[in-house]
Amino acid sequence: MNPKTNAHGWRWWYGCGGDLCRSVFIRGSARLSRVQPRPESFGARSRRASVALALLFATVVRADYLGERAAPLVEASHAEIRAVYLGRWMARRRWDEILDEALYAIAPKGRWGPEHPAWPAARVALADALRQASVEKLRGETGTWIRHVVDEHYSSLEPAESAQAVAFYESPGGRVFRDFREHVLAEASYGLPFVIETESHAAVTQAMEAARERLLNLPDEQTQAVYDFNHSKVGDLLLGIENNIVADVIGNIMRSELEGILNEHGSEIARTVRAAVPDMPPPSDKAYLGTVTMRPDRFLDVAIEYHEGYRWAGTYRLTYAPGDAHWQEVVDGLAGIGPGDTRFLYRDPAGRLSTTP
Amino acid sequence: MRRALYAGLAAGVVAVGAWALIGARVMAWNDATGELDMPWLGNGARARLFTKQSTCLMCPTGYTYHRSWGRSGRSGQEPYDMVDGALRFLQQRGVLDGWPEAIAEGTVYDGRETITPRAAPYRFTVVMIEPTVIVMRFDLGALIKVGGAEADQTIGTPRLNQAVEFGTRLPASGTLLWFSPDTAQLPAPVPLSTPEHGEIVVKNLRLVLDRHGDEWTVARPGPAN
């Protein structure tokens, strides 16, 4: 579905190339004009303020300039929604990692994991809560950033190259190619954050197959046009921008935003997940540290797991011999540990060690 | 002509006076101790924390920010430098190298050397300055930045993946060690006469540690003899 412009200049998509999404919209130049410095601000009281305002103005003017320069191509190629899909796809591994790490933040590791009966339901509830929050982010600043990234890179084409690309995407063959690519990306990123699909995965797959059929059954001259464009300098350049630059940058933005959502709304999301899955393990004020193994010779192998920003960063491994200064105090926290045993290790807020959360 | 000359002179005097006043205000040390739990001084008093700003034409902010702790701002020492000196002492004696390299911390170049931050299973607390005494408290959580004091009771350092704390109250969990770069004293267990009472003696100065429930308090009662 083509983007529409409302009275405020906001560009909306009421679906993602065919009602795939509940709502995805990205704010356009109207948002930028809202942050333009007001004329009276230039009656500067100090030199510093004037310089700051001038810099802000220059930035806004540059963003507007890039936006205007890129607009025909961005609109003709549906570059923004493709960028959103690509970013989601690029962030998919981080998404999986964040879901697991965030569940361990809600109830400590050692108390549960993927084998726990409540884990799958909690993962679904967490994904729902995070996706909802991510869609809100896309409506706000994240959408603006994506718009800037797309504008910056699509405005790098020369006017003649841009016109050639616009002409292709507005041609019958170009539209079919564009729709197919959009459907492919929508299917590949199905279920990931920043968009909540209203269609089933099967329906999205079916729509993609239908788009594929339309592309494969184009009249010969349109097939040739699609082939020629994608093998032209401009087509090659655009694919490179989309797949190698825009996808990377927006993937990075989305990965950061997912972590930001948890930092900002982690407690609220945890409450939502707990309410949805009451049989998950209770929360604990103890921090999971890792594991301790007592060797047959009673040496202690301590593995302390370091997680930073909902990401496993590494493991510190320490060994304490029975005569070491700290051997006894570690053992004191490990009630009943014997040679050959491995125990989880927790730390309470006062710094005391224990084997239970 | 003469009137204009006098007016110019007067304006100059006012400008110089204003500059001197502003400069004096900017250059003076401010006592920023407030409610902070400050370490002891060797003379038996508590150290105080002082701050000041000075003009810096080449700095983006136009000023630089200084801290000092001790008896006065002028006679005191920059806390960051003191902590760095203490940890450099441990580095030179091979103590820091006995702890793992901090994960995901990279390296830091401080203008003199490239520093690889370490992850120690201890919390570090500066309990006395002039001479420096630092107490180390065993805490596996320190490896992964779990727990620790409020930011205003800490001094940052590139040599560890955690900040160094300061004050006279410590949580009573974990074995206590201490060291003092001023006497080349390497980390050693705090001598405890009972599980609730210990004493550190350095340069004939006594620090007495008493346990009250979940907390150790460090007192500075007077000379050792």
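Residues are numbered from 1 along each chain as its sequence is written, while chains are lettered from A and ligands numbered from 1 in the order in which they are written. Because the model is predicted, local features need pLDDT of at least 70 and side-chain atom pairs count only at pLDDT 80 or more, whereas totals for chains, interfaces and linings use all residues.

In residues 1-44 of chain A, pLDDT stays under 50. Chain A contains twelve helices and eight strands, taken as DSSP runs (helices are H or I with at least four residues, strands are E with at least two, numbered from the N terminus). Of its 357 residues, 35% count as buried, that is, with 20 or more other C-beta atoms, placed from the backbone, within 10 Å of their own.

How do two of these helices meet? In chain A, helix α4 (residues 92-106) and helix α11 (residues 233-276) pack at an angle of about 35°, with their axes 11 Å apart. Here axes are lines fitted to C-alpha atoms over the stretch in contact, and angles run from 0 to 180 degrees between N-to-C directions. Residues in contact have C-beta atoms, placed from the backbone, within 7 Å. Among those making the contact are Trp95(A) and Ile98(A) of α4(A), and Leu258(A) and Leu262(A) of α11(A). By class, this contact has nine nonpolar, one polar and three charged residues. Ala, Val, Leu, Ile, Met, Phe, Trp, Tyr, Cys and Pro count as nonpolar, Asp, Glu, Lys and Arg as charged, and the others, Gly among them, as polar.

The domain assignment, which is automatic or from a database, gives chain A domain 1 (4-276) and domain 2 (287-354). Their contact takes nine residues from domain 1 of chain A and seven from domain 2 of chain A. On the domain 1 side, α4(A) gives the most, with four residues. That side divides into four nonpolar, one polar and four charged residues.

Chain B is assigned domain 1 (2-38 + 47-70) and domain 2 (79-219). Six residues of domain 1 of chain B are in contact with eight of domain 2 of chain B. Finally, the contact of the two chains takes 19 residues from chain B and 19 residues from chain A. On the chain B side, these are twelve nonpolar, five polar and two charged.

Notes. A residue is buried if 20 or more other C-beta atoms lie within 10 Å of its own, exposed if 12 or fewer, and partly exposed in between; C-beta atoms are placed from the backbone. pLDDT is the predictor's confidence in each residue, from 0 to 100.
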